[in-house]
Amino acid sequence: MRDILPEIYEEYAGRLRRHLLLVARTRRRVIGLLFLQWYEEACYFDPAVTRYAEIHEVHVHPDFRNRDVATGLVERGLRKATRRGCEAVYLVTDDFNAPARRLYERSGFAAHNVVIRYKKALTSSGRPRAPR
């Protein structure tokens, strides 16, 4: 797993006991991962739903993309959520990430709500100034 995205491993290592990390492997190495987080509370953006999961990460090693690895991971995640009694599974992706959007739409996901990212440039270039 560290081979795909070491920062993901570091970020989520402490959460793995309470949530689910699905891994796709070849005989020799990890080639993909999906991280699911479980919730048993009213969903703040969909209050009628009280038992749900969120997919926080889906990653496939570049050498194994376009081979249905991500599709298999998403399908496994949906089966796990169904078995756990979840009413829904949510995820967030960027509007410009066409491959991810195609994957999610093929897997039965539909746009639910829109998140708007705001920006306030602090310099004319949009890059922060170096500290003095």
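**Exercise 1.** Sort the residues lining the largest pocket by class.

*Solution.* The lining divides into 17 nonpolar, five polar and seven charged residues. Here Ala, Val, Leu, Ile, Met, Phe, Trp, Tyr, Cys and Pro count as nonpolar, Asp, Glu, Lys and Arg as charged, and the others, Gly among them, as polar. The model is predicted: local features need pLDDT of at least 70, side-chain atom pairs count only at pLDDT 80 or more, and totals for chains, interfaces and linings use all residues. Residues are numbered from 1 along each chain as its sequence is written, and side-chain values use heavy atoms, without hydrogens and water.

**Exercise 2.** Locate the largest pocket and state its volume.

*Solution.* Start with the term. On a 1 Å grid over the protein atoms alone, a pocket is an open set of points where a 1.4 Å probe fits, with protein on both sides within 12 Å along at least five of seven lines; lining residues have an atom within 4 Å of a point. The volume, the space filled by probe spheres set on the points, is about 990 Å³. Next, the lining has 29 residues; L91, V92, T93, N113 and V115 lie nearest the centre. Strand 3 (51–60), strand 4 (88–91) and helix 3 (98–106) each supply at least two of the lining residues. Helices (H or I, at least four residues) and strands (E, at least two) are DSSP runs, numbered from the N terminus.

**Exercise 3.** Describe how helix 2 meets helix 3.

*Solution.* First, the axes, lines fitted to C-alpha atoms over the stretch in contact, come within 10 Å and cross at roughly 45°. Then the contacts (heavy atoms within 4.5 Å): A70, T71 and V74 in helix 2 meet L103, Y104 and R106 in helix 3. By class, that contact has four nonpolar, one polar and one charged residues.

Definitions and conventions. Axes fitted to C-alpha atoms, helices over the stretch in contact; angles between N-to-C directions.
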